[in-house]
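Hi there,

Here is the structure I promised to pass on to you.

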Amino acid sequence: MKSNFFEFALSCFFPHQCPYCRKIIRSGLTECEECLRNFPKEPKKMMTPVGILCIAPFAYEAAVRNSIIDFKFHGSSFNARSYAKAICQVTEHEAIIDKFDLITFVPLSKIRKNERGFNQSALVAEYVGEQLGKPVKPLLEKIRQNKNQHDLSFSERVQNVKGIYKPVNKDLIRDKDILLIDDIVTTGNTLAECCKVLKESGAGNIICMTIAVAGAV
Ligand SMILES: [Zn+2]
């Protein structure tokens with residue numbers, strides 16, 4: 001209650017903007033009504049290189065792309081609530097809510113997390129967990145900093161993620177059906193490597209979801 005009042009008071013002085021069109025929005029909303037109405041009706045899908053499906057509410061283009069850049073690099077952490085809402089709508093649309101026991105996210109290296117101040121995928125995962133009433137657990141850690149995937153060629157991207165993740169605790173993974181969340185999927189190599197480590201640690205079914213799919217059809 002106290003924090004709700006605090007958030008309300010804060011929003012009077014620093015009103016939130018719609019993540020997509022940047023219009024000022026009323027306290028309590030996570031995006032403007034028009035952008036909410038314009039959420040895509042059909043999810044975007046791509047198959048990761050390990051044959052595990054990745055589903056996302058948005059294509060990585062136009063206003064969504066700009067909002068994700070603001071989210072990751074310009075401190076717009078408020079956007080996470082709207083992305084989580086869009087992801088939850090997709091879990092409903094695809095009838096996959098009962099197909100996972102817990103939610104996890106692609107980890108950042110310690111260096112990158114310190115630079116950015118937060119893990120953007122973890123934040124979205126937290127809100128998705130809150131909205132779906134599912135536990136969110138950090139199941140993977142990134143053991144070394146690699147190059148940015150988007151600076152590399154396709155074949156370099158495959159090599160760049162090899163062996164950089166390890167399980168935090170295999171007991172938390174074994175026999176669990178898992179929803180794995182990341183911010184954007186492009187070639188799917190990062191998600192594929194995480195899936196591989198989860199599978200090697202005994203995970204059951206895995207579903208990948210991101211805010212957006214780059215190059216989605
Ligand atoms: Zn808007």
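Below is what I found, going from the whole chain down to single residues.

First, the ground rules. This is a predicted model, in which local features need pLDDT of at least 70 and side-chain atom pairs count only at pLDDT 80 or more, while totals for chains, interfaces and linings use all residues. Residue numbers start from 1 along each chain as its sequence is written.

**The whole chain**

The protein chain holds nine helices and eight strands (DSSP runs numbered from the N terminus: H or I of at least four residues for helices, E of at least two for strands). Its radius of gyration is 17 Å, close to the 17 Å from the globule rule for 217 residues, so the chain is as compact as a globular protein of that length. That radius is taken over C-alpha atoms, and the rule is 2.2 Å times the number of residues to the power 0.38. The C-alpha trace spans about 50 × 35 × 35 Å along its principal axes.

Of the 217 residues, 37% count as buried. Buried means 20 or more other C-beta atoms within 10 Å of the residue's own, exposed means 12 or fewer, and partly exposed is in between, with C-beta atoms placed from the backbone.

The chain is divided into domain 1 (1–34) and domain 2 (39–213), with bounds from an automatic or database domain assignment. Their C-alpha centres lie 26 Å apart. Six residues of domain 1 are in contact with nine of domain 2, a contact being two C-beta atoms, placed from the backbone, within 7 Å.

The largest nonpolar core has 53 residues, and Val124 and Met209 have the most contacts inside it. Such a core is a set of buried Ala, Val, Leu, Ile, Met, Phe, Trp, Tyr and Cys residues joined through C-beta atoms within 7 Å. Among the elements that each supply at least two of its residues are α3 (62–73), α6 (120–132), β7 and α9. The largest share, seven residues, comes from β8. Leaving aside residues up to four places away in sequence, Met209 touches Cys54, Ile55, Ala56, Ile87, Val90, Leu179 and Ile181.

**Helix α9**

Helix α9 (residues 189–200) has twelve residues, which should span 16 Å at 1.5 Å a residue; its end C-alpha atoms are 16 Å apart, which agrees. The expected span is 1.5 Å times one less than the number of residues. The buried residues of α9 are Asn189, Thr190, Leu191, Ala192, Glu193, Cys194, Cys195 and Leu198. After α9 comes Gly202, with a positive phi near 100°.

**Some residues to look at**

Arg22 is not a glycine, yet its phi is positive, about 70°. Arg22 sits in the loop between α1 (2–13) and α2 (33–37) and is partly exposed, with 15 other C-beta atoms within 10 Å.

Asp175, also a residue other than glycine, has a positive phi near 65°. Its place is the loop between α8 (170–173) and β7 (178–185), and with 9 C-beta neighbours inside 10 Å it counts as exposed.

Finally, Arg65 is in helix α3 and counts as partly exposed, with 15 C-beta neighbours inside 10 Å. Arg65 and Ile211 are 146 residues apart in sequence but 9.9 Å apart in space, C-alpha to C-alpha.

Best wishes
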